[in-house]
Amino acid sequence: MAKNFSLPRGATDILPQDIPLWIHIEKTARQILNLYGYQEIRTPLFEETELFARSMGQTSDVVQKQMLTLQPSKSPENEKAESAHYALRPEGTASVVRSYIENHLDKKESLSKLFYIGPMFRGERPQKGRLRQFHQIGVEAIGPGTASPYLDAEVIACSMYLLKSLGVSGAQLKINTLGTYANKEEFKNILRGKLSGKLSELCWDCQNRFERNVLRILDCKVPACKMAVQKLKLNYEWLDAESKTYFDTMKKILSGLNVIYNEDPYLVRGLDYYTHTVFEISDSSLGSQDAVGAGGRYNNLITELGGPQVDAIGFALGIERIILAQQGKIQVPQPSLDIFVIAMEEKFIKNAFALVQQIRHNGLSADASYEGSSMKSQMRQANKRNARYVMILGEDEIKANEVALKNMQNGDQEKVSLNLINETIQKLK
Ligand code: HAM
């Protein structure tokens with residue numbers, strides 16, 4: 001019996017009419033990232049689950065609740081694969097760092113500026129702007145001695161410029177610093193100290209987070225937790241002098257680039273690998289899932305994954321959220337067909353078939369209908385395909401070794417010799 005299959009929950013089909021917009025976004029991103037000195041990297045869509053757990057943190061929401069793990073079917077070939085546990089990538093940073101280390105990219109250049117565009121997977125409860133398969137444009141700048149506030153400012157400015165170029169001009173930027181790894185630990189201790197008498201005021205999730213992941217309490221959306229957090233009066237008391245200066249310098253450079261930001265000491269991000277600068281970009285038009293992008297520094301991650309002592313910073317923007325936030329500002333024309341070839345009678349289909357091949361091989365797009373339908377119906381198809389020209393093959397044309405060429409914009413029609421067809425095609429380009 002036939003069965004109807006439907007789209008998996010939280011995934012989307014990107015249909016042909018939406019593809020021009022996606023291509024435009026990807027092309028614009030590639031152009032801008034090239035201007036900023038980034039080169040594309042493509043890593044697999046799955047990795048060892050442990051890579052993600054180690055980098056994003058065992059206690060992060062993504063690792064605890066959202067990993068989509070893969071189970072190879074049982075077979076002798078898969079015996080080896082089964083001993084490793086794989087998961088679809090929930091983000092790009094961990095994979096890029098794994099590849100950076102494995103391919104010894106630190107030996108190739110002092111600073112590797114890498115970008116990726118592709119699908120990511122998180123088993124979240126789907127809602128508007130929150131998907132299980134979504135797409136990111138991400139960058140990672142990794143290299144020894146790259147902990148310069150200029151690079152932090154450049155990376156943030158690049159993310160804002162990308163968004164603006166993609167029609168998202170009203171996005172709000174929030175920045176913060178977590179300081180060094182030691183500062184961050186101190187931050188956690190301070191928070192535990194301040195919250196210890198107030199646990200009963202917090203939601204059940206946050207009571208659990210208190211020991212495991214206390215920083216996450218700062219961005220809990222539950223009103224009672226928000227209230228408790230607002231009373232904490234955080235003022236960077238966990239930062240050492242050097243980290244403070246780094247952050248202050250970074251802010252000055254950012255202002256010098258005319259990037260408008262809000263400083264938010266409560267911004268901590270959900271992934272464990274961050275140190276120093278963190279940032280988040282939101283767009284109020286998006287509703288509850290308002291983050292269009294986010295990023296930050298992760299100077300410790302590369303060594304934690306067994307790599308050399310190098311610093312790193314990056315960000316990722318969500319493409320689906322960019323599309324929602326640009327609210328139709330990007331107008332991309334649907335592609336048009338150059339030439340639609342019409343066979344007036346069924347016996348001329350073979351001539352139309354040869355002609356479309358010839359046109360394509362001369363560099364123009366072409367198509368024909370092989371159904372043997374009426375002239376009217378074929379003209380309708382040409383119009384639907386947005387054809388710039390139509391070439392008609394009828395009895396008279398075939399006899400005279402000609403084709404009738406119709407300009408669909410102004411209606412002009414002329415006869416063209418098939419002996420001169422290549423020259424004609426060149427003129428239509
Ligand atoms: P993230 O904040 O988890 O950071 O994700 C970045 C962006 O991906 C979000 O701001 C959002 O636009 C989009 N996004 C995330 N989850 C979903 C979802 N379920 N549905 C739709 N869009 C989503 C990272 O992924 C880090 N790797 C960023 C980074 C790179 N940090 C340093 N380098």
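The second largest pocket has a volume of about 360 Å³. Some bookkeeping on terms: on a 1 Å grid over the protein atoms alone, a pocket is an open set of points where a 1.4 Å probe fits, with protein on both sides within 12 Å along at least five of seven lines, and lining residues have an atom within 4 Å of a point. The points are joined across faces, edges and corners, and the volume is the space filled by probe spheres set on them. This is a predicted model, where local features need pLDDT of at least 70 and side-chain atom pairs count only at pLDDT 80 or more, while totals for chains, interfaces and linings use all residues. Residues are numbered from 1 along each chain as its sequence is written, and side-chain values use heavy atoms, with hydrogens and water left out.

Back to that pocket. Its lining has 16 residues, and Met160, Lys164, Asn258, Val259 and Ile260 lie nearest the centre. The elements giving two or more residues to this lining are α7 (149-165) and β7 (172-177); helices (H or I, at least four residues) and strands (E, at least two) are DSSP runs numbered from the N terminus. The largest share, four residues, comes from α7. By class, the lining has eleven nonpolar, four polar and one charged residues, where Ala, Val, Leu, Ile, Met, Phe, Trp, Tyr, Cys and Pro count as nonpolar, Asp, Glu, Lys and Arg as charged, and the others, Gly among them, as polar.

Follow α7 to its helix partner. The axes of α7 and α11 (residues 241-256) come within 8 Å and cross at roughly 45°, the axes being lines fitted to C-alpha atoms over the stretch in contact, with angles from 0 to 180 degrees between N-to-C directions. That makes α7 oblique to α11, as angles under 35 degrees count as roughly parallel, over 145 as roughly antiparallel, 65 to 115 as roughly perpendicular and the rest as oblique. The crossing is right-handed, meaning that the near helix is turned clockwise from the far one by less than a right angle. Here Pro149, Tyr150, Asp152, Ala153, Ile156 and Ala157 of α7 meet Tyr246, Thr249, Met250, Ile253 and Leu254 of α11, contact being heavy atoms within 4.5 Å. This contact has nine nonpolar, one polar and one charged residues.

Now for another helix pair. The axes of α14 (residues 349-361) and α17 (residues 421-428) come within 10 Å, crossing at roughly 55°, so these two are oblique to each other. Their crossing is right-handed. Leu355, Gln358 and Ile359 of α14 make the contact with Ile421, Asn422 and Ile425 of α17, a set of four nonpolar, two polar and no charged residues.

For α2 (residues 49-56) and α5 (residues 93-102), the axes come within 9 Å and cross at roughly 105°. That makes α2 roughly perpendicular to α5. Leu51, Phe52 and Ser55 in α2 meet Ala94, Ser95 and Arg98 in α5, which gives three nonpolar, two polar and one charged residues.

Last stop: a loop. Pro126 sits between β5 (112-121) and β6 (133-143). Pro126 and Gly10 are 116 residues apart in sequence, yet their C-alpha atoms are 5.1 Å apart in space. Leaving out residues up to four places away in sequence, Pro126 touches Arg9, Gly10 and Arg132.
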